[in-house]
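Here's a walk through one structure and the way its parts sit against each other. Have a look at the sequence and the model first.

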Amino acid sequence: GEPVRVLVTGAAGQIAYSLLYSIAKGDVFGKDQPLVLVLLDITPMMTVLEGVVMELQDCALPLLREVIPTDKEEVAFKDLDVAILVGSMPRREGMERKDLLKANVKIFKSQGAALDKYAKKTVKVVVVGNPANTNCLIASKSAPSIPKENFSCLTRLDHNRAKSQIALKLGVTANDVKNVIIWGNHSSTQYPDVNHAKVNVKGKEVGVYEAIKDDSWLKGDFILTVQQRGAAVIKARKLSSAMSAAKAICDHVRDIWFGTPAGEFVSMGVISDGNSYGVPEDLLYSFPVVIKDKTWKFVEGLPINDFSREKMDLTAKELTEEKETAVEFLSSA
């Protein structure tokens, strides 16, 4: 069949190093789907990128038709089916969040414009580089001819972290836990919500609150652990999460491509327009979604208690402030 054309940016970085092998061996688009991988990074990284290309060649993978390393947007974004935007300006020590935003607005404005100009209009765009939600919104606003719904940002890592913490607490596998939700921003204000989550205990499906019977843990340490997990990994490894981030990207893109399993929903950052949860319009906010025919829909009608409401509003407030700052920079970028 026709190869799927996939771009990974920040392709010489450590998330990409874990990600590219998984994509190329068929974990994401299926075991019989040929691929063209386009790898974009900044000019100083081109030598390192050559090494990555050599390794991909040396994996001798049957699905990989072509690998194209480049530092040029007009090459990278041409005729894409999928764009995975991992590369961003990382936060340096002592850097204000505002400075970080400014640098990233410039990058994602440029990449959004390149998507608009060169990619297929059906392209699915996944933003991973932080601040992911706002970077994704800026890319979307800079690509007016591509539907807003085609843009999403990664909160699946947070989702998987939440799932895993519940599974560890109960001594079951992560597969036995479903329908956890990450609401809001991929930052420490995110709200990991297990009010609607179910767990399979000895063949019986029960609510997580009922199974765990420890509300103070679920409303306290559980939430904090998930919110601060990224920082905990950095503290321990002196590097940010790469293996787990790459796995989450694979989960996210595979679900876009093949849909979500019946009776299950997943978390992803999407445009908030038309949601029924009181989240302001025109924010890139993480919601529970189901996916079918490469199209996501909000999970509707979940009752929201006061505890959840407060946390959902808090993260929406942070995203609104980020957006306002970013949009200011956008006009001057």
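## A salt bridge to start with

Lys 148 and Asp 273 pair up through their side chains in a salt bridge, 3.3 Å from N to O. (A salt bridge here is a side-chain nitrogen of Lys or Arg within 4 Å of a carboxyl oxygen of Asp or Glu.) Between domain 1 and domain 2, the count is two salt bridges.

This is a predicted model, with local features needing pLDDT of at least 70 and side-chain atom pairs counting only at pLDDT 80 or more, while totals for chains, interfaces and linings use all residues. Residues are numbered from 1 along each chain as its sequence is written, and side-chain values use heavy atoms, leaving out hydrogens and water.

Domain 1 puts 29 residues into the contact and domain 2 puts in 33, with contact meaning heavy atoms within 4.5 Å.

## What gets buried

About 2500 Å² is buried between domain 1 and domain 2, and carbon and sulfur atoms give 64% of that. (Buried area is the accessible area, with a 1.4 Å probe, that two parts lose on being put together, summed over both.) On the domain 1 side, Gln 14, Val 28 and Asn 133 supply 23% of the area buried against domain 2, more than any other three residues.
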